[in-house]
Each structure stands twice: as structure tokens, then as C-alpha cells.
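Student: I have a new model open and I'd like to learn how to read its features. Could you take me through them one by one?

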Amino acid sequence: MASCISFRNAHASASSTSPPPKWRTVPHGIPLIGRADWNDCLNLNCFSDTPGESFQTVENNDTGVAESVFIGGMFVPYGSQYADILEHYGRLAGMSDAEIASEAANVCAEIGQVSKAVKTAGWDGEWFVRAYDAYSRKVGTHEDTEGQIYIEPQGMCVMAGIGLDDGKAQQAPKSVKERLTCDWGTAILAPAYSTYRIELGEISSYPRGYKENGGIFCHNNPWISIANAIAGNDDEAFAVYQRNCPAYVEDKSDVRKVEPYVYCQMVAGPEAATPGEGKNSWLTGTAAWTFVDVSQYLLGVRPTLDGLAIEPHLPERFDQLTVTRVFRGVTYRIAMKRTGERTVSVDGKLLDGDIVPVPSDGAKPVEVAVTF
């Protein structure tokens with residue numbers, strides 16, 4: 001990330017008295033999972049054999065080694081965003097230049113450590129591992145008979161840019177399409193678990209193909225669309241968006257069986273008895289993530305601290321379109337046209353890069369011309 005690159009030299013002279021993060025003491029250098037991470041049904045420290053016991057709040061076997069590759073993927077972009085905030089606004093918060101350089105350099109050093117751990121211990125050969133359990137065994141690996149691949153780290157690690165330099169970021173979405181994707185969307189894992197596994201918790205307690213055990217969890221499908229856009233798979237990025245968007249599956253309402261205008265938390269997956277059947281409509285963050293996907297990655301109009309970054313990722317049938325975006329009180333009128341190259345011009349002047357800066361005078365609209 002740009003911020004970490006800019007602070008690379010500062011790290012050589014920066015010093016810190018703070019102790020190393022706890023994940024440095026675990027087997028693979030990947031952040032600990034705690035009771036769970038985003039998936040509150042992946043309970044690696046619960047070990048519940050008592051009916052009715054809460055998977056989310058009980059820790060019966062916290063060995064201090066269960067790690068989440070998904071959290072490692074999150075740490076990389078969001079840590080870099082923190083470094084970016086320090087660079088832009090640290091002085092306004094009363095920090096000296098030396099304090100900014102030290103803090104940001106330490107953050108960037110940790111990002112480098114976690115990124116390396118995810119690319120090594122977190123890689124299974126054709127996709128990213130989901131986690132390491134309380135016995136320090138892989139979760140989400142071809143070495144298992146079930147739960148071999150999970151959706152979450154494939155999305156988040158590629159969104160973080162991990163593996164863009166060595167092909168991993170291109171291979172992971174390919175594996176997702178081949179092993180997790182059907183006409184209704186992308187399943188959360190495959191193959192689904194057939195029996196309860198005490199070391200995994202609630203995720204293995206559901207019927208095969210439903211909920212977190214192989215269902216199409218709509219909330220994280222946009223992550224895969226974004227990952228494909230970042231990896232350069234523009235057609236598949238849009239196809240992922242289409243597969244479970246209510247507007248595109250209305251002709252299958254007899255199978256979906258829920259409101260035709262709202263996302264579901266879950267659609268029954270390919271291993272379910274009723275694949276494609278919607279469950280728990282409204283109960284989801286899918287719409288918000290889809291808005292981020294469509295606006296910031298498919299259309300490619302993404303806010304940054306330096307201005308609007310514009311980089312469309314649309315399939316070939318989109319050759320010309322316009323977008324109006326209000327950002328920091330300024331109206332941007334963006335005309336996009338497919339020409340086979342990527343350029344961004346502002347008021348007729350070609351930019352060096354794809355970030356449109358915020359003008360000092362925002363009274364009049366900014367005219368932006370984009371080729372892609």
C-alpha cells in the first residue's frame with residue numbers, strides 16, 4: 001500500500017518500546033481468532049458438547065493458538081489505511097513528525113509480517129486456508145475430506161492485494177468459481193460437513209448446504225466480486241454480482257420463495273435439499289457490501305484521502321456510461337468509454353494516475369473523462 005511504501009525508510013530509524021503483538025507468539029504468525037471472527041459459527045475454542053450451550057460466548061478449550069487467516073487478510077488493508085490516516089492527519093491530532101513516522105513504520109512492519117504469514121502458512125496450494133484450529137491444524141484445506149475451501153479468506157485476502165505479485169490472487173478466485181459457485185451464487189464452504197465436529201463448533205451443526213455449513217451466505221458474495229475485479233477478472237466480477245442479486249433472479253421466484261426485491265441472509269447452497277431457496281430475508285449486510293462493490297469496484301469510483309480513484313471493472317458489454325458522484329461537497333460528472341486503454345482526464349487535462357484530486361473551489365462540477 002502507498003502509505004507503507006512511503007514509511008519504509010522511516011522504519012529504519014524508528015524505535016518502539018511497545019511489546020510485539022500477541023500473534024507473533026502463535027505458531028504461524030497469523031492473528032488469533034478468539035471465540036470466532038466474522039463467521040460467529042466458526043468456534044475454534046468453544047468445544048461444546050452440552051446441548052443449548054452458547055457457541056459464541058463459551059470457551060472450554062482456549063489453547064491460545066487458534067488463528068484466523070481471514071483476520072490476517074483484514075489486517076493488511078485496514079492497517080495500511082490507518083497508516084494513511086496517520087500520514088494525512090497525524091499532525092492535526094497533535095503528533096510530531098517523529099511520532100507519526102515511528103507509529104506508521106511499526107504498523108507497516110506488522111503488515112509485512114502478517115502478509116508474509118498469510119502467503120506462506122495461509123496458502124493451501126490453490127486457495128487460502130481458512131484458519132488454524134486449537135490443535136494448530138488447518139481448517140479449509142485439501143488435506144481434509146470436508147470443508148476443504150471457504151469463501152471468506154479468498155475474498156478478503158485478495159481484496160487486501162495479497163498474492164497479486166505471485167499469482168495467488170488470480171488462483172484463489174478461480175478456485176472459488178470451480179469449487180464453490182453455482183447458478184445461485186457462491187457457497188460459504190465445500191464440501192459441507194456431514195457430522196458435528198467439536199473443534200469447529202456451530203458451523204458443523206447445520207444440515208448440509210444450509211446456513212454456514214455450505215449455504216450461499218449472501219453477505220460475503222460481494223467480497224468475491226471485488227476480489228475478481230482486483231485480480232482483473234472483470235466478467236466474473238459482474239457475474240458474481242448478478243448471481244444472487246434479486247433483480248437478476250426474479251424469473252426464478254418459484255424456487256427462491258422470498259420477496260423479489262430484497263437480499264437474503266442465506267440461499268440454500270448446491271449441497272442442500274432445496275438449492276436456491278432463500279432464507280432469512282432482510283437479515284443481512286449484503287445490500288451495503290453490494291453497494292460498495294458496484295459503486296467502488298465495478299463502476300470503480302472509490303473515495304480515497306487524496307480524492308476520487310476511478311478504475312472501472314465492467315464486462316465487455318458495457319462500452320459507454322456516465323456516473324455522477326458527489327464527494328466532499330463537489331459534484332463529479334464522470335463519462336466512461338471503453339477504448340482498450342485506461343486514462344483519466346479532468347477538465348480536458350490528462351492525469352498521471354487514476355486519482356482525481358478535490359478542487360480548492362468546489363462551486364462548479366468537475367468534468368471527468370475516463371477510458372477503460
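Tutor: Let's start with rings: those of Phe, Tyr and Trp (its six-membered ring) pair if their centres lie within 6.5 Å, with planes under 30 degrees apart called stacked, over 60 edge-to-face and the rest tilted. Ring pairs link Trp-38, Phe-70, Phe-217, Trp-223 and Trp-289 into a cluster. A word on the source: this is a predicted model, where local features need pLDDT of at least 70, side-chain atom pairs count only at pLDDT 80 or more, and totals for chains, interfaces and linings use all residues. Residues are numbered from 1 along each chain as its sequence is written, and side-chain values use heavy atoms, with hydrogens and water left out.

Student: How many aromatic pairs does the structure hold?

Tutor: There are 13 aromatic pairs. Take Phe-238 and Tyr-248, an edge-to-face pair at 6.5 Å centre to centre with 80° between the planes. Phe-238 lies in helix α8 (residues 234–243) and Tyr-248 in the loop between α8 and α9 (253–256), so the pair ties together parts that are 10 residues apart in sequence. Helices (H or I, at least four residues) and strands (E, at least two) are DSSP runs, numbered from the N terminus.

Student: Is Phe-238 buried or exposed?

Tutor: Buried means under 20% relative accessible area, exposed over 50%, and partly exposed in between (1.4 Å probe, protein chains only). Phe-238 is buried at 6%, while Tyr-248 is partly exposed at 40%.

Student: What sits over the ring of Trp-184?

Tutor: A charge sits over a ring if NZ of Lys or CZ of Arg is within 6 Å of the ring centre and within 35 degrees of the ring normal. Here the charged end of Lys-252 does that, 5.1 Å from the centre of the Trp-184 ring.

Student: Now salt bridges. What should I look for?

Tutor: Side chains of opposite charge can pair when their charged atoms come close. The cut-off is a side-chain nitrogen of Lys or Arg within 4 Å of a carboxyl oxygen of Asp or Glu. The structure holds 17 salt bridges. One of them joins Lys-119 to Asp-165, with the closest N and O atoms 3.0 Å apart. Lys-119 lies in helix α4 and Asp-165 in the loop between α5 (151–159) and α6 (168–179), so this pair ties together parts 46 residues apart in sequence.

Student: Which residue forms a salt bridge with Lys-168?

Tutor: Asp-166 does, with the closest N and O atoms 2.9 Å apart. Salt bridges that share partners join Lys-119, Asp-165, Asp-166 and Lys-168 into one network. Within it, Lys-168 is buried at 15% relative accessibility, whereas Asp-165 is exposed at 62%.

Student: And strands?

Tutor: Strands of a sheet pair through backbone hydrogen bonds, either parallel or antiparallel. The rule here is that DSSP finds at least two bridges between them. Strand β11 (residues 301–304) and strand β12 (residues 307–310) are antiparallel over 4 bridges, and they form a hairpin with 2 residues between them. Arg-302 has Ala-309 in β12 as its bridge partner. β12 also pairs with strand β17 (residues 355–356), antiparallel over 2 bridges.

Student: In what order do the 5 strands of the open sheet come?

Tutor: They run β13-β14-β18-β15-β16, with mixed pairing. The edge strands, β13 (320–327) and β16 (349–350), each pair on one side only. Inside the sheet, 4 bridges join β15 (residues 343–346) to β18 (residues 366–371), which run antiparallel, and Ser-345 has Ala-369 in β18 as its bridge partner.
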